[in-house]
There are 2 protein chains.
Amino acid sequence: MDNFTFYSPTYFVFGKETENQTGKYVKQFGGKKVLIHYGGGSVVRSGLLDRVKKSLDAEKIPYVELGGAEPNPKSGLVYKGIELARKEKIDFVLGVGGGSAIDSAKAIAFGALYDGDFWDFYKGKPVTEAVPVGCVLTLAGTGTEGSTDSVITNEDGMYKRCADGDCIRPKFAILNPELTTTLPPYQTASGIADIMAHSMERLFSKTKDVEITDRLLEAVLLTMVKEGRRVIKDPSNYEGRANIMWAGMIAHNNVTGVGRAQDWGTHHMENELSTTYGCSHGAGLAVLFPAWMEYAIQTEDVSRFVQFATRVFGCQMNFEDPKVTAMEGAIAFKNFMKELGLPTSISEIGGKEADIPTLAKNMFHEAPNHGNFIKLTPEIAQKIYKLAL
Amino acid sequence: MDNFTFYSPTYFVFGKETENQTGKYVKQFGGKKVLIHYGGGSVVRSGLLDRVKKSLDAEKIPYVELGGAEPNPKSGLVYKGIELARKEKIDFVLGVGGGSAIDSAKAIAFGALYDGDFWDFYKGKPVTEAVPVGCVLTLAGTGTEGSTDSVITNEDGMYKRCADGDCIRPKFAILNPELTTTLPPYQTASGIADIMAHSMERLFSKTKDVEITDRLLEAVLLTMVKEGRRVIKDPSNYEGRANIMWAGMIAHNNVTGVGRAQDWGTHHMENELSTTYGCSHGAGLAVLFPAWMEYAIQTEDVSRFVQFATRVFGCQMNFEDPKVTAMEGAIAFKNFMKELGLPTSISEIGGKEADIPTLAKNMFHEAPNHGNFIKLTPEIAQKIYKLAL
């Protein structure tokens, strides 16, 4: 196990009707003038935004609003938010929605305090200062409610990058699983794929002797298999939604990832799929992870994949040829993605073989390093994209 | 799953030689005059105390010292520490040692700010104000490094009670597994039993549909079976020690226990064993948990115990008579405790049947409620103590 530090000071408020406490927590964490950032659509229609505003009114906390966050959130709206935050002298940013609204809220929060272009932080500059952020989560998946990162798509070239810093962990996060029971199945399934992928990026590590974090990662994965299956059949199932929502936080506040090298190559390759073809991030991961695993099983030591196959999907160990077991795990994961209704090939999301050189080239734009278990080169990335065709 | 809040803002610094950073973190968390509280013995002999003091010197932070914390720490030393803290105008308390030194440090930290008798908080008054606490851990087990609680024995009557409050979570915790490699086997084993018991007190719950926390609890338990066996055979094994140390924190900062009723009856019954017979807390738990499980399997729904048996100890499910499987789990746990070298009966720690009425009576002194999965009465407690004879 490697040396590490771990610090996760977010105050989590979990359960039914908890969004009505939003104002109380904004006040507790010092917010006096709030920018509410949300997507629109269901957040407005469901009455959630009104309930959040009512809770701020109850605490006499003034706010301004910025709607319009879309899946794969764009830089343009972040610039607008930063301008608004400065003009209105905002001292707290509240993201209400899924990962997109909250990731944009984080970008606005550090962009507002920075004299230069906020995109600098998505080119690798560490985030060290931000207006405090809180959130009300409506979709389990990205884990942004407890994480240090924010993913935004730059509209000038359409590429997706990640910024990171301890100061953008939300001060508080309101997690009400009821808010997720009306999600369309594709979004639910995409969130499940993302949560599983967050665990797999950490599980497939060359660091030895990390049993406790292995077991915690497998705990998340086992839960997703059980509860994912349940909510896809019965979307209104509160208990299934609740288990998935808490697992989504656990999967990405890094309590499961400390002391070990992590990969993240598949996530980075996926960014090209969702920006190019407009699929959800989770759908892109469902397409790519089986291919990445197949490539890794062909080229690397298979022990991690055998462990995944037997512990997560209950595959029987083939002691004479562990590679067979390893591939059974990759196939079981792919089948589970299909069962959730997700695509598992690039062709299903509208891509074709001729696009692959461009996908592999673009992911290295402003970002030379990808992957750790497998160090990606443009050539290796092409091979993996091809396996996913 | 029940509604819950979760807040664990401790900054964890984990790995080799991390105790040399103690001064840096005291400074970061605002300490300007420190009381170092430790046990003595190995903390001094090993040079750990000197390294900690050197790190404070390097930051020019003055300190006073109070040694002498013993296993099952006593109220007398806490009174002494409170007096010293007030006299020296201490603004930070640093516990260096195992659970005893750190639990006493917590008691000194809130006692110093309280006009009345600090024992009031061990009679149920919630702790709401304390001098900041940090710690350097030398024994994995109690989980106090990331928890909100402190357990002290009142010398006036020799009874052990627990105080609790968010403000006594350590601001930072230094966890260096190297410091645990020289522990005597009995202390190592006692810590392992305590970590497992922390998970079992949460696992045996009547709250339904808590798959994610079930799986996290089982992750800790599975890790303890693997790594516990390893370090008992090979005490100097760093990797085994590291996995156990991080598991010990995970087992008790409550990330595994949110959204579900917890039991804690066995812990409360154990307090009487360690105060009466002077055994370690972990040894008392090894004695009592198999008996508590046997009683529960006789009187309650067995599904939780069947899950424990199959998922943690790999017992084969008896579909015709699940109770058989449930008991196999209890026996497997007892056998594992024996394998670690711990006692598994009251007679092995020097007790006898005639003591039982007094044990059962004393645990209700100043504390009327014990247990949740099984609500304990003095009569039920007697039955469980008898099963452990």
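1. At 1% relative accessibility, A:F289 counts as buried (buried is under 20% relative accessible area, exposed over 50%, and partly exposed in between, with a 1.4 Å probe and protein chains only). A:F333 is likewise buried, at 1% relative accessibility.

2. The model is predicted: local features need pLDDT of at least 70, side-chain atom pairs count only at pLDDT 80 or more, and totals for chains, interfaces and linings use all residues. Residues are numbered from 1 along each chain as its sequence is written, chains are lettered from A and ligands numbered from 1 in the order in which they are written, and side-chain values use heavy atoms, without hydrogens and water.

3. One aromatic cluster contains A:F289 and A:F333 together with A:F204, A:W292, A:F305, A:F308, A:F313, A:F336 and A:F373.

4. Over all chains, a search of the whole structure finds 60 aromatic pairs. Rings of Phe, Tyr and Trp (its six-membered ring) pair if their centres lie within 6.5 Å; planes under 30 degrees apart count as stacked, over 60 as edge-to-face and the rest as tilted. A:Y79 and A:F118 form an edge-to-face pair, 4.8 Å centre to centre with 75° between the planes. A:Y79 is partly exposed, at 36% relative accessible area, whereas A:F118 is buried at 2%.

5. The charged end of A:K206 sits over the ring of A:F373, 5.2 Å from its centre (NZ of Lys or CZ of Arg must be within 6 Å of the ring centre and within 35 degrees of the ring normal). In chain B, the charged end of B:K206 sits over the ring of B:F373, 5.2 Å from its centre.
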